[in-house]
Amino acid sequence: QLACPLDLGCHSVEQRKAILDTQEQQRQELERKRQEEAEEERRWAREQARQLRTATAMERDTLRQRRQMSADLKRENIGQAHEFKEKTKQIQDMYTNRVTEDFFSQFGTSSR
């Protein structure tokens with residue numbers, strides 16, 4: 001049997017129907033694949049958006065933690081500086097000889 005293109009009209013009715021049915025099945029399969037691909041793209045887009053939200057939240061949390069650590073360190077440094085000043089003042093007070101009236105009273109009390 002000779003193969004003849006559909007548009008030449010040399011096929012029987014059954015052959016034409018089989019060709020049209022096959023073409024319809026192919027169209028349906030192509031549409032189903034397109035829908036599946038579109039759904040897969042939507043799933044990927046949702047997953048990317050979820051990951052972006054998660055990453056953004058993690059970055060915000062990290063930034064908040066860094067700010068908190070910086071504030072804690074600043075408070076600690078201020079406390080240590082104050083403590084150092086107090087200790088330095090105490091040491092200076094302890095080892096500083098103050099000039100009192102007793103110092104001056106010792107002069108001119110003895111004769112040679």
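These are my notebook entries on what I looked up in this predicted model.

**Ground rules.** I number residues from 1 along each chain as its sequence is written, and I work with heavy atoms for side-chain values, leaving out hydrogens and water.

**Overall picture.** I looked up the secondary structure and found two helices and zero strands; helices (H or I, at least four residues) and strands (E, at least two) are DSSP runs, numbered from the N terminus. I then checked burial, where buried means under 20% relative accessible area, exposed means over 50%, and partly exposed lies in between, with a 1.4 Å probe and protein chains only. Of the 112 residues, 2% count as buried. The protein exposes about 11100 Å², and carbon and sulfur atoms supply 54% of that area; accessible areas come from the Shrake-Rupley method with a 1.4 Å probe, and for residues only the protein chains shown count as cover.

**Salt bridges.** How many salt bridges does a search of the whole structure find? I noted 12 of them, taking a salt bridge as a side-chain nitrogen of Lys or Arg within 4 Å of a carboxyl oxygen of Asp or Glu.

I followed Asp 72 to Arg 75, whose side chains meet in a salt bridge at 2.3 Å, N to O. Asp 72 and Arg 75 are three residues apart in helix α1, so about one helical turn separates them.

I also noted that salt bridges with shared partners join Glu 39, Glu 40, Arg 42, Arg 43 and Arg 46 into one network. Within it, Arg 43 pairs with Glu 40, the closest N and O atoms being 2.6 Å apart, and these two residues lie three apart in helix α1 (residues 13-95), which means that about one helical turn separates them. Arg 43 is partly exposed at 41% relative accessibility, and Glu 40 is partly exposed at 32%. Glu 39 forms a salt bridge with Arg 46, with 3.6 Å between the closest N and O atoms; here Glu 39 is partly exposed at 27%, and Arg 46 is partly exposed at 48%.

**Helix α2.** I looked next at Phe 104, which sits in helix α2 (residues 101-105) and is partly exposed, with a relative accessible area of 49%. Together with Val 99, Phe 103 and Phe 107, Phe 104 forms a nonpolar patch on the surface with about 440 Å² of accessible area. Patches are made of residues with over 30% relative accessible area and no salt bridge, like charges being joined within 9 Å and nonpolar side chains (Val, Leu, Ile, Met, Phe, Trp, Tyr) within 5 Å.

Ser 105 is also found in helix α2 and is partly exposed at 40%. I traced the side chain of Ser 105 to the backbone oxygen of Asp 102, at 2.9 Å.

Notes:
This is a predicted model: local features need pLDDT of at least 70, side-chain atom pairs count only at pLDDT 80 or more; totals for chains, interfaces and linings use all residues. A polar contact is a pair of N or O atoms within 3.5 Å; within protein, one must be able to donate a hydrogen and the other to accept it, and residues adjacent in sequence count only if both atoms are side-chain atoms.
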